[in-house]
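The sequence and the model are shown first, and the description follows by topic.

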Amino acid sequence: MAASVTHAGPAGPGAYVLGVDSGGSGLRVALGRVEEPGPLATTVCAEPVRTGPGGIDAGHLLDQLLPAARELLDRASDAASAEGRSDAPRAHGAPAGEVAAVAIGAAGMATLGERLRAELPGALAEALGVRRVALAADAVTAYAGAVGQRPGAVVAGGTGMIALGTDLKEWHRADGWGHLLGDSGGGAWIGRAGLDAAMRAHDGRRGGSAALLDRLRAVFGLAEELPGLLYPRSDRPAVLASFAPEVAACAGADPIAAGILRQAAGHVAEAAAAVCPAPAGSDGEPGEGGGTGEVALTGGLFRMGEPLVAPLREELARLLPGARVTVATGDPLTGALRIARALAAGDLRLPRHPTMLFVPLEQETGQHADPVVRASPRSG
């Protein structure tokens, strides 16, 4: 039996929403209005939120988020006062200028977010008077920033790589398992493959690339000293990924480097095909076969440009014929703000999930109060 839901109704005009993106480079916060697209203002907290034995540190996140939120609300209040408007933000849910909803996307939310889910809703209600809260994995906010609330798929590529898709009934995830178990085709994967080819050239083994060996020496120094530089590092994935642009730079003239990027493109396309929702049949229900909707590319990986993107488009056309491939215009912070806006308006259509998109049922508004759905791999 589904839990009961108290419907508070959608927020009124003038209400504010907060979107939060917590990642390895720090905490970003955006303030917006329910009825207006885009942020009114943003701020950045440069210190990443700590992660410990109990998961992501909810107290540390709040220590950064609450002052940042109050700063943004004060700035909005000052701007509204200067314009002679009566909808300046108020502390505890006043009808005009209330903070109607908060959406927080965090790296590691799905596996390390238990404390956030337990502590943040109550803390945000007490501190900001907000009672509509969504806590999302960063892949979900990346999806919302790239695709919005439409069915489709997103590939988020950076140091790692994850693909996420939905038919608006459930989530489908592929990869994102870290550089030891997966992230195939991501920055660390490309960098490691490039360094492997460089070391092969150093040893005189088959599959070596003299061009990549030259770049290894330029970036890291002597090849034989690279293991001592790399293995003790706690940030090995980032170090490996730092070599990925060197692979892309060599790809135009070096067939080994070009082959690495083609193989990476194949991995990324396979992940996208695994999660892209199937086309709807004549009865409106999902049909058989691969998806033919939107596949959005987001993240720094794709800033390598044509050396990676061109073979990726070829692989996507082969695996997902008819799919529309786009480059995301909105990032995870944009996605968090979109989720907050939809939650405040009672129109959050993205699937709920206990770890990927957690919306406490007693806080939810609107007509979309369905039981949570599962995230599952897609077969076939």
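What percentage of the 380 residues in the protein chain do buried residues make up? Buried residues make up 51% of them, where buried means under 20% relative accessible area, exposed over 50% and partly exposed in between, computed with a 1.4 Å probe and protein chains only. The model is predicted: local features need pLDDT of at least 70 and side-chain atom pairs count only at pLDDT 80 or more, whereas totals for chains, interfaces and linings use all residues. Residues are numbered from 1 along each chain as its sequence is written, and side-chain values use heavy atoms, with hydrogens and water left out.

**Overall composition**

- The protein chain contains 12 helices and 13 strands; these are DSSP runs numbered from the N terminus, with helices (H or I) of at least four residues and strands (E) of at least two.
- Of the contacts between residues at least 6 apart in sequence, 63% join residues at least 24 apart, a contact being heavy atoms within 4.5 Å.

- Strands in the order 3-2-1-6-7-13 form an open sheet of six strands with mixed pairing; two strands pair if DSSP finds at least two bridges between them.
- Strand 3 (41–45) and strand 13 (357–358) are the edge strands, and because each has a single partner strand, one side of each is left without a neighbour in the sheet.
- Strand 1 pairs with strand 6 (residues 99–106) in the parallel sense over seven bridges, and Val17 stands opposite Ala101 in strand 6.
- Helix 3 (residues 114–128) lies across strand 1, strand 6, strand 7 (133–137) and strand 13, and runs at about 145° to strand 7.
- Helix 12 lies across strands of this sheet, including strand 2 (26–33), and runs at about 145° to strand 1.
- Axes are lines fitted to C-alpha atoms, for helices over the stretch in contact, and angles run from 0 to 180 degrees between N-to-C directions.

- Strand 11 (residues 294–298) and strand 12 form four bridges in the parallel sense, with Ala296 opposite Thr326 in strand 12.

**Helix packing**

- Two packed helices are described by the angle between their axes and the distance between the axes.
- Helix 5 (residues 187–203) and helix 6 (residues 210–220) pack at about 105° with their axes 8 Å apart.
- Helix 5 and helix 6 are therefore roughly perpendicular; angles of 65 to 115 degrees count as such, under 35 as roughly parallel, over 145 as roughly antiparallel and the rest as oblique.
- Among the residues making this contact are Leu195 and Met199 of helix 5 and Leu213 and Phe220 of helix 6.
- The contact of helix 5 with helix 6 has 10 nonpolar, two polar and one charged residues; Ala, Val, Leu, Ile, Met, Phe, Trp, Tyr, Cys and Pro count as nonpolar, Asp, Glu, Lys and Arg as charged, and the others, Gly among them, as polar.
- Helix 4 and helix 12 (residues 332–344) pack at about 85°, with axes 6 Å apart, and are therefore also roughly perpendicular to each other.
- In this contact, residues including Val140 and Ala144 in helix 4 meet residues including Pro332 and Ile339 in helix 12.
- By class, the contact of helix 4 with helix 12 comprises seven nonpolar, four polar and one charged residues.

**Selected residues**

- Gly14 lies in the segment before strand 1 (16–23) and counts as buried because its relative accessibility is 4%.
- Gly14 and Val34 are 20 residues apart in sequence, with a C-alpha to C-alpha separation of 7.0 Å.
- Leu120, in helix 3, is buried at 0% relative accessibility.
- Beyond its neighbours within four places in sequence, Leu120 is in contact with Ala58, Leu61, Leu62, Ile104, Arg115 and Leu135.
- Leu120 and Ala58 are 62 residues apart in sequence and 6.9 Å apart in space, C-alpha to C-alpha.
- Thr326 counts as buried at 15% relative accessibility, and, leaving aside its neighbours within four places in sequence, is in contact with Glu294, Val295, Ala296 and Leu297.
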